[in-house]
Amino acid sequence: MIRNRLRRLVLDNGLRIVLAPHPVGASIGIAVHYGVGFRTEPEGRTGLAHLFEHLVFPGGHGAAPEGYLPRVQRAGGSGDARTRQDTTVYYATAPASALEMLLSLEADRMRSPRLTERILRTQIAVIDEEIRLMVRNRPYGAFPWVLPRALHRRPENTRDGYGETADLAAFDLPLCEKFFTDHYGPGNAVVTLTGAFDPETAERLVQRHFGSLPARPSVAAPEAPEPPPTEERRLTVADPHAGPHALAVGYRMPDPVTERADYLAHLVLAALLGQGGRALLRRGPTAAAGVSSLSVGCGLFGLPLDTAGPDLLTLFAVHEHEHGEQDVLAALDGTLETLAEDGADAGLLRATTARWAAGALRELGDPGTRAQLLGLREILFGEAELTEALPELVRTGVTGEQVGRAAARLRSSYRAVVRFVPEGNAPRGAAWEGRGMTGRTVNGSVGPGARPDPGGGAAPGTDPDPAHGRLPLPDVDTTLGNGLRVVICSAPVVPLVEIRLHVPYAAAGARDVTACHLLARVLPHGTAHRDADAHDAALAAHGAALDTAADARRLTVTGHTMADALPAVLALLAETVRRPRLSEDVVAAERERLARLVRLATHQPAALAQQALLRRRYGEEIAARLRPAPELAAACTTEDLAELHARRLGARGAVLVLVGDLVPEEAVAAAAEAFGSWEAGPGGDVTRTPAWFPGGPLHRVERPGAVQSVIRLATPALPRTDPGYPALHLAQLVFGGSFGSRLVTRLREDKGYAYQLGSGLESVPGASTLMVEADTAAEHTVPALAVIREELERMAAEPPSEREVDAARSYAVGSTTTAMSSPGALASGLANLLHVGVGSDWLHHWGPLMEGVPYEAVREAARRFFPPAGFTGVVVADEAAVAPLRRGATDELDF
């Protein structure tokens, strides 16, 4: 628990300030909350609060011409914004040296945002794409919005925060300017600072930048008391992206102010029902429903205590069977009845609350997240301290009897039940099953270009066998004359196409790796024929976005576009990659930004663990070649980037993946037109995976004052192309890669030692790494490591049983199918798989491949890859957390 005392200020203009200094680290977090959200919007203006967040995110007049985020990034920071029911928050994390700059930018935003017709129209288009991406272009994307409509009656409490595109297009500047005047005054805001700063200095700077802002009255949030529901209300939603069926259930939560103890009991009840491998709803009758994913939580967006209005306890389950919701609801009702009669088991309650508290505590270790949570509870309840008290309140303050009463309350109350079904399976006229209302379904249809299942389909009156979880084969897999491979999948669910371009290169050393990272940052700044503004405008005209990134093996471009603009956007992408604008001003700015970002990352525990693990695996010299270095970035010139681009980045060996609403023949023709003249270059080879150091002692990475320890273990594994890979994948799922795995059950459900943990396989061309990860409270570091070792040893002493393998097999098939249900996920999955060397049909055959793995092959993989002696690793921790394991005065730890 972080025990630093909070400091509060109230300026003469009414602005509230919360200061939460923390001396560990070199970063700060800032969050500025405004008391306005989508429940506060004027009647008939749905989506205005979220639109306004987009409009003012670029900053005020003082941030011009580059805008808020470029300035934050140049300082080595990052930022974002978010709109919820009752609040809008702008937040950033940056080095402590950026404190005054962040305060200045936020005060400038509060004083006079830049509102122009061009910005308004651009952001409306951006939000339209956001709606497609977040709601319409993903399975079950409507989930957050349909439950309130089913459960509540007041219009303020049933709004879709995004709004509708047609409504947004009607908004004008006078409306937006009035919204700013009504809701963005100092008296309706809270500024929260966390991290490594001096509080006296911060007070002076806050007064300097915010004290001169004039006070102005704010429009109060409307009173919207919500009557209790008087009937169970049901809705069926036809989802064009759904593979398996899904079920969402919503209950009204107790009031978080007047019924705080009851609210917390419901929070724990949700964790008992659905969070973790031992969750009460993850076994028994739900197994018959073919449930592949189940979650239960508090808060519309999964965060408790984030609204002053009526809150929800929600359940969401993805299941394979058409009528599986009946089994899930029966399991839910039966479990609630049992808890109401008997209360919660004391041991399970302790483990659950300890796990939940560990998760809440973990959030407070990051200054940016801490600023957001403190400010949220301050503006909603006047209780910033509640955020820091919550872990202990949950861990020690909720009894089994209280949980039982919460279960009884849910069992006797009316709820909302929403079914998500594949569009072709929805009943005609699917609508509200409650009285007197019609329901909005997710619209869309399968258009031209859809291809029948190559297996010939199911017999009349039956569904295809879901056990194999089979994904369709690509429509096109071809290679152009210059060596560019083009893979295309038709998925006509919305008028959108996902784009992925991966360009491999063999970096000669750390200098090349750093230069490629820098080149990736420069590419979005225009081409030889267009400056940054013109380039961005050309993309925006088509509703398109392209993002670039790099690692030690490839440069990647990720994006999407409106379907009818695919040829134009592919031409822009080809121009971006082939003829980047390598101007000195752009390179200089991005060079400094990259160096600062790399330095800033060294203060983050996850980044510290990642870098230290590379050194343990490969040694200092080789590890240095796998990541960018600030000193090398500072020395990289425009000429260096031009030489790297010409020498390393060509069409040969590159992969272009297109997934979405397209006609395959037209899409491949557009790709050939855009990229056919791209020089082949010397590409096609990739960085060779270096030899590992043998397993050995763990290495301590000191992080003074850390309240949590970051544990990372690794051992060499089979490449994804190896015939033994599927068996190894199942073995690691049994060990720690799923909710019901051995490690998760022991470390999280039984012991309550960790919130985030697990195992997984990370693949690169020609190799894979078996990873084991856990973030645990400092005082649990030693026993957590002991449990990890015991479970590794048990994989050989007690190889996976048939029951465990079958459970892992089902999870592997179901989770992969669900994960690839959206065009974006499928595009990314295909691109990554092709990068590591498997065929484009790999996903299609994954289900049958899993089904065919012999039990003995999984047991042999367990015996071969899980002995602790084969692992090396790091622990990022406070010295005291690992002191019992230290080998003398060294940083080596016994394991």
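Visitor: Where is T776 found?
Guide: T776 is in strand 21, residues 767-777; strands are DSSP runs of E with at least two residues, helices runs of H or I with at least four, both numbered from the N terminus. This is a predicted model, in which local features need pLDDT of at least 70, side-chain atom pairs count only at pLDDT 80 or more, and totals for chains, interfaces and linings use all residues. Residues are numbered from 1 along each chain as its sequence is written, and side-chain values use heavy atoms, with hydrogens and water left out.

Visitor: Why does T776 count as buried?
Guide: Buried means under 20% relative accessible area, exposed over 50%, partly exposed in between, with a 1.4 Å probe and protein chains only. T776 has 1% relative accessibility, so T776 counts as buried.

Visitor: What is T776 in contact with, leaving aside its neighbours within four places in sequence?
Guide: Contact means heavy atoms within 4.5 Å. The residues are Q708, S709, I711, Y753, A754, T781 and A784.

Visitor: What span is expected of helix 11, and what does helix 11 reach?
Guide: The expected span is 1.5 Å times one less than the number of residues. Helix 11, residues 324-342, has 19 residues and reaches 27 Å from first C-alpha to last, close to the 27 Å expected. Its buried residues include V328, L332 and L336. G343 follows helix 11 with a positive phi, near 75°.

Visitor: What makes strand 1 and strand 4 edge strands?
Guide: Two strands pair if DSSP finds at least two bridges between them. The open sheet of six strands has the order 1-2-6-3-5-4. Strand 1 (7-10) and strand 4 (78-83) each pair on one side only.
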